[in-house]
Amino acid sequence: MTTHVLSQLRNLEAESIHIFREVVAEMERPCLLFSGGKDSIVMLHIAAKAFAPARVPFPVMHVDTGLNFQTVLDCRDRWVERLGVQLVVASVQEAIDRGLVRPEPNGSRNRIQTPVLLEAIEKNGFDAAFGGGRRDEEKARAKERVFSFRDDFGQWDPKNQRPEIWNLYNGRVHQGESIRVFPLSNWTELDIWSYIEAENIDVPDLYLAREREVVARGGMLYEVNEFTPLRDGETAEVRSTRYRTVGDANLTACVESTASTLREVVEEIAAVRLTERGATRGDDRVSEAAMEDRKREGYF
Amino acid sequence: MTATTHATTFAAGPERSVDLLRFATAGSVDDGKSTLIGRLLYDSKTIFADQLESVEQVSRDRGNDYTDLALLTDGLRAEREQGITIDVAYRYFATPKRKFIIADTPGHIQYTRNMVTGASTADVALILVDARKGVLEQSRRHTFLATLLGVPHIVVCVNKMDLVDYSEDVFERIRAEFTEFAARLRVPDLTFIPISALVGDNVVNRSENMPWFDGSPLLSHLERLHVASDRNLIDVRFPVQYVIRPQSHDARDYRGYAGTVASGVMKPGDKVLALPSGLETTIASIETADGPVEEAFPPMSVTVRLADEIDISRGDMLCRPNNTPAALQDIDAQVCWMDETAPLVKGKKYAIKHTTRWARAMVKDINYRVDVNTLHRDEGATEIRLNEIGRIQLRVTQPLFVDPYRQNRQTGAFILVDETTNKTVAAGMVGGLPHSV
C-alpha cells in the first residue's frame, strides 16, 4: 500500500527536473555552468535524469580560472565523457593575456570571472545559463528567483525581479537579455550531500578527508601545494582535512575532518555549526554585501 | 519496482522518511515575525555560528541593545539600509521529522504581491497577531490572501503573550474575534497558538507560563500537521512539458512525454485522453531515469509512454476519459496585479501561461475590485492597480484546460505577462472567489 508521499529529497529532485525541462522547452540556447564542484555535479546529474534516455540537450560551460585542483578537472572530464555532453571552456587566463581582465592584488580571480562569463555567454549566444546556486548559501541568494532575469549587461537588479508564482516560470527575454536558472534553489548543503550519498554520485576526492599537509593562515587551513606554498616563517603540519567547497585553489581552505566516506560527510554536515562559505572561502568574507555586489555585476 | 519503493529506497540515512512542508509567514516590522523566524531557526539549531556572529557584530556596530534577528533574513543592501523587508526570502530548516521551507514575506499592503508569491506554494500560512493589539486590518488582509491562494492550513500565532501577563482571557478574546472573521472565508483548518517569540514561549518548547493552553507548541504542530491529503489525488492532470525523442540509433523509436503530475494518480494500463485532440489511448509505461514506476502522483516528474502514436506536444494535457478539465477560451478569474508601471485595464492584451501552455489573452471585463482590508467589492472599478485583487473576464486565443482553483491549485492557476516588457504582471486563479464575502 502506498501513501503517495515523496521523501523531501525526491520532492526536491522532482522540482529540479521540472525546472530543467521547462527551460529546455522554452529557451533557445541554454547552457549549464559547470565548475566540477559538488553543486554543479548534482545539477548535471539531475539534468541527465531529466532527459533520459536522451542525452543532456545543452552544452556545459566551465569558466576556467586557471587555478583548478587537478582532481576537479579530472572529475569534470569524467562527467563530460560519461554523459557525452559538449564542453565549452571560457578561459580566464586567456582573457588576462589579451587584457580583458586583470587579476586582483590578492590573487583572487573570483570577481574577474564575471566579464569572462558574460563574454562567453554572448559569444555562444546562450540565452539561459543553469547555475548551482542555493538559497541557503548566502543572504542575497535567499532572495533570488529560480529564473533570475539579467539585462543585456548580464546584471541582476534585486529590486526589479519578476514575481515567481506557483511553478509558472517566465523565461521571456528580448534579444541580448538572458536568464540565470537555479534548479537547486531550495536545496541545502545537507540535501546535496544526502543526495550524493543516496545516488552514489562521482565527486572530486577533495571532499573526503585524508591526511594533508596544511598551514594555518588567517584562521583558515590551507593545504601546502603549488597554489598555496609555505610563506616565510610558516610551518606546515599534517592534519586530517577535507574540502567543503571547491573554488580557486589559491583561496579555498580545507576544514579539519575525519569524514572519509560519503556517509560520514552527511553526518558531519548534519552536525556542523559554520556555513560552508564562512568556513572555507577567503573571497566571500569581504563585506556584508559582497555577494549581492558581485551578482549585480553579472556573477552566477 | 513500485512507486513506493522508488520513494523510500531513496535514502538510506536519516533523510529516509523526512517529508517536506512549505509555509509562508507575513508580517510587518514590529509584529515580531522576524523574531519568530529567528527563534525557530535558533531553537532548532539552524543558525550557523558565523551567521550569528555576523548579525551580532552588525547589531553592535549600529548601537543596538539587542541582537537583531531580523538581520538574518534581510539579505539585500536596501533592506538593511532601510531596516525593512522588501522581498520574499526563503529560509530552510529541518528537524528529524520534516524539512521546512519558509517563504518569509513582508506584511505591508504595498507588498501584497510578495505575500501572494509566498502563499502560492504554501501548505501552511502563519498569521501573527500582537496580543496587545488584537485582530488588526493587517491580520485580516493576510488571512484573506492566504485563503485566496488556497493555502489549506492557517496557524494564528498570538504573539507577545509575555506583554499581556500570559492572559488566557486575552487569548480567548482574540480567538473568538478571529474565528468570527474567518467564518466569512474558506479556511479548511484553523489553529491558534499563544506564543512569545522573543522569550520563546510555545515556539519550540512548551511554555510553562501558559499552563491553561493544552495545544502543541508551534514547531511540533508544524511537524505533525497532516498535509498529504491536501493534494488532489482524484483528478488525473498531466500537462505535457517536453517530448523526449533520443537522437540515437538504439532508441530511434522512443517517444516519451515528460512532465510533472499536476494532480491525480496515474498507472500503466490506465486509459487516458489527450487534450486538445480528444484522442484516447492507454498508458504503456511510466518511466523515470531510475526505471519504470507503477504509479505516478504529484509532484513527481516522470515520462509517460503511450500505447498508440498520437500527436501530442508541449502544452497538451493527459487526463482520464471520464474526468476532464474544462476547455475554456472565456475565463472567469481572480487576479492579483503585480506591475507597478501600469494597471490592468479593459481591452488590454497579455501573454498568458497556464500549466505548460502559452497563449494570448484579452481583458474583456473587470467585474469588481476587492478591498483587501475590508473585503468590500468595488463594482465600479475600471482598473486594477499594483497589489490590488480583482475579478475579471478573459478571452484567450486558444482553449486552456482548466479546473477551478479551489479544486486544483495547479490547473486553476495562471500568470499574465506583459508582451512589451516581458514582466510577470499578474497571478490569476480560475473560478472566482474561493468563498462569498
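How many of the 437 residues of chain B count as buried? I found that 50% of them do, where buried means 20 or more other C-beta atoms within 10 Å of a residue's own, exposed means 12 or fewer, partly exposed is in between, and the C-beta atoms are placed from the backbone.

**Entry 1: what I am looking at.** I noted that this is a predicted model, in which local features need pLDDT of at least 70 and side-chain atom pairs count only at pLDDT 80 or more, while totals for chains, interfaces and linings use all residues. Residues are numbered from 1 along each chain as its sequence is written, and chains are lettered from A and ligands numbered from 1 in the order in which they are written.

**Entry 2: confidence.** I read ipTM 0.91 and pTM 0.92 for the model. Chain B has a mean pLDDT of 88, with 88% of its residues at 70 or more; pLDDT is the predictor's confidence in each residue, from 0 to 100. I marked residues 1-15 of chain B, where pLDDT stays under 50 and the model has 37 contacts beyond four places in sequence, a contact being two residues whose C-beta atoms, placed from the backbone, lie within 7 Å. I also marked residues 433-437 of chain B, where pLDDT stays under 50 and eleven such contacts are present.

**Entry 3: layout of chain B.** I counted eight helices and 23 strands in chain B, taken as DSSP runs numbered from the N terminus (helices H or I, at least four residues; strands E, at least two). Chain B is divided into domain 1 (11-230), domain 2 (238-319) and domain 3 (326-430), with bounds that come from an automatic or database domain assignment. The C-alpha centres of domain 2 of chain B and domain 3 of chain B lie 30 Å apart, and their contact takes ten residues from domain 2 of chain B and nine residues from domain 3 of chain B.

Entry 4: Leaving out residues up to four places away in sequence, Ala125(B) touches Phe23(B), Ala24(B), Ala119(B), Ala146(B), Val151(B) and Ile154(B). I then followed Ala146(B), which sits in helix 6 (residues 137-148) of chain B. Ala146(B) is buried because 26 other C-beta atoms lie within 10 Å. The C-alpha atoms of Ala146(B) and Thr25(B) are separated by 9.9 Å, although these residues are 121 residues apart along the chain.

**Entry 5: a sheet in chain A.** I traced an open sheet of four strands in chain A, in the order 8-7-9-10 and with antiparallel pairing, where two strands pair if DSSP finds at least two bridges between them. Its edge strands are strand 8 (220-223) and strand 10 (255-256) of chain A, each pairing on one side only. Strand 7 (residues 210-217) and strand 9 (residues 237-242) of chain A are joined by five bridges, and Glu211(A) has Ser240(A), in strand 9 of chain A, as its bridge partner.

**Entry 6: domains of chain A.** I found domain 1 (8-188 + 288-297) and domain 2 (191-284) assigned in chain A, with 23 Å between their C-alpha centres. Their contact takes 27 residues from domain 1 of chain A and 24 residues from domain 2 of chain A.
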